[in-house]
Amino acid sequence: MKRIRITPAWYFSDEAGNQIDPQLFVLLEGVHRHGKLTEAAKMAGVSYRHAWNLLGKWQEFFGISLVELQRGRGAHLSPLGEKLLWAEQRVIARLGPQLESLGSELNLAIQQTLEGVKPVLRLHASHGYAVELLPEFLDELRLDLQYCSPREALVALNRGACDLAGFHLPQGPVGERLARDYRALLKPRSHRVLRFITRRQGLMVTPENPCDIHGLADLTRGEARFINRQSASGTRALLDGLLRAEGLSARRIRGYELEEYTHSAVAAYIAAGMADVGFGVETAARRFGLDFVPLASEDYLLLCHHRSLAEPRLESFREVLAGQAFQEAVLALPGYSLNRCGEVEGIEALMAG
């Protein structure tokens, strides 16, 4: 089944209306990754000559080089080339969840129009790399996936706007406190938990950790530049809980007030050299070539109404979660592990304490 994907694209034009091919960004990423224009051209699917001409047009457009070539040393990005590449990466990382949600709506509308109405499972969830995998493994079942904060997902489930709500709780005392914050939204008699995955969260730091950051206390020295997650996110709640547990003041963290909206956006911000450290999942750090200092493990959970469990769409969904293909894809994510994926349990354990 074909699926629509929505990705942002940049178009630069001058006063005369001349536009430059956005394929340049693929070339810039190739040069950054491989250090050779020949390999960058292969990555972009163009000839070396075409790549060379494209770079020449961009250089003329901006009036400054984007890639510097040195005999015997390959190619590397100029300062402007680096800024353009990382700006694009940050835009994609920041807008990714919103575009995926919009794409989910469009795919659902198109498929229902072409094939008639088929079962739809509505999932409102905190963004995560394992959740992001789900549409690839659901064939006959149509997934309407909308990303939102954990609290928004739970509110949506209670008002009947979705069938499943995805949220995450840290293991240990911090998670127990957050569960108490969710208490009003968790209903032991009507709700059930679908176990999903466990993931590691911690500090994403620039390669080789030049600021010598090994824990949250190192952030309060005021030397390292920090990039934070937005206040409504579950990851921000985890960070704030860990700071309180260690008796650390957020006011002493340089950049605590600066926010990004996804794990990838935080990682891209650091990779672009705009910060030295951020807080998020290990997968994001690895994908952007950053080092990672693990600090906490958290369980990502899916909540549903108990009456929904007997419905065919929920049964099909649970079969996917328990399937080998999906579980192997989860295990390929750095810092992710399976946690009785697809099993059902009551929420009494979440309400404890």
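1. Buried here means under 20% relative accessible area, exposed means over 50%, and partly exposed is in between (1.4 Å probe, protein chains only). By that rule Tyr-48 is partly exposed, because its relative accessibility is 41%.

2. This is a predicted model, in which local features need pLDDT of at least 70 and side-chain atom pairs count only at pLDDT 80 or more, while totals for chains, interfaces and linings use all residues. Residues are numbered from 1 along each chain as its sequence is written, and side-chain values use heavy atoms, with hydrogens and water left out.

3. A search of the whole structure gives 18 salt bridges (a side-chain nitrogen of Lys or Arg within 4 Å of a carboxyl oxygen of Asp or Glu). One of them joins Arg-195 to Asp-299, with the closest N and O atoms 3.6 Å apart. Arg-195 sits in strand S8 (residues 191–205) and Asp-299 in strand S12 (residues 291–305), so the pair ties together parts 104 residues apart in sequence. Strands are DSSP runs of E, at least two residues, and helices are runs of H or I, at least four, numbered from the N terminus.

4. Arg-195 is buried at 7% relative accessible area, and Asp-299 is buried at 14%. Both belong to a salt-bridge network that also includes Arg-340, Glu-343 and Glu-345.

5. Arg-286 and Glu-282 form a salt bridge at 3.2 Å between the closest N and O atoms. They are 4 residues apart in helix H10 (residues 282–287), which means a separation of about one helical turn. Glu-282 is buried at 7%, whereas Arg-286 is partly exposed at 38%.
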